[in-house]
Amino acid sequence: QVHLVESGGGLVQPGGSLRLSCIASRSILSFNVVGWYRQAPGKERELVAGSFSGNSAKYADSVKGRFTISRDNARNTVTLQMNSLKPEDTAVYYCNGQVFTAWGTNNYWGQGTQVTVSS
């Protein structure tokens, strides 16, 4: 059983910053991809940022230049630094780990943490 536990969500004013952290119950090197998704009310869950096992990263166009994903392999932690937050960033943010297999991709999810950007 794999557990991903997020922390760091909250309420912030537009233009502010938040830092989300995710701790995995096993080595994050065992995942092909670790990253963050978000889901706003009435919308589908979308990729925010992903960190690949080769240390490359991918970002949604809407967060490029504002969000930064980083990983600490020794501490099994993935962090999302969010700057210049906008009201449209309001969503539940989920930590995600993916393992590629010959039969498809196994996805592991955290419980989610609420981020609200509002004045």
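## The disulfide

Cys22 and Cys95 are joined by a disulfide (a pair of cysteine sulfur atoms within 2.5 Å), with their sulfur atoms 2.0 Å apart. The link between Cys22 and Cys95 is left-handed, with -80° about the S-S bond. It connects distant parts of the chain: Cys22 lies in strand S3 (residues 18-24) and Cys95 in strand S9 (residues 91-101), 73 residues apart. Strands here are DSSP runs of E of at least two residues, and helices are runs of H or I of at least four residues, both numbered from the N terminus.

Both cysteines, Cys22 and Cys95, are buried. Buried denotes under 20% relative accessible area, exposed over 50%, and partly exposed the range in between, using a 1.4 Å probe and protein chains only.

## The sheet containing S3

Strand S3, which carries Cys22, belongs to an open sheet of four strands in the order S1-S3-S8-S7, with antiparallel pairing. Strands of a sheet pair through backbone hydrogen bonds, either parallel or antiparallel. Two strands are counted as paired if DSSP finds at least two bridges between them. At the edges stand strand S1 (4-7) and strand S7 (67-72), each of which pairs on one side only. From one strand to the next, the twist averages 15°; the angles run from 0 to 180 degrees between N-to-C directions, with axes fitted as lines to C-alpha atoms.

S3 and strand S8 (residues 77-82) run antiparallel and are joined by six bridges. Within this part of the sheet, Ile23 stands opposite Thr77 in S8.

## The chain as a whole

The protein chain has 11 strands and zero helices. Its radius of gyration, taken over C-alpha atoms, is 14 Å, which agrees with the value near 14 Å for a compact globule of 119 residues. The globule rule is 2.2 Å times the number of residues to the power 0.38. Along the principal axes, the C-alpha atoms fill a box of roughly 45 × 30 × 25 Å.

Of the 119 residues, 41% are buried. Contacts (heavy atoms within 4.5 Å) between residues at least 6 apart in sequence join residues at least 24 apart in 54% of cases. The accessible surface, from the Shrake-Rupley method with a 1.4 Å probe, comes to about 6,400 Å², of which 48% belongs to carbon and sulfur atoms.

## Basis of the values

Residues are numbered from 1 along each chain as its sequence is written, and side-chain values use heavy atoms, leaving out hydrogens and water. In this predicted model, local features need pLDDT of at least 70 and side-chain atom pairs count only at pLDDT 80 or more, whereas totals for chains, interfaces and linings use all residues.
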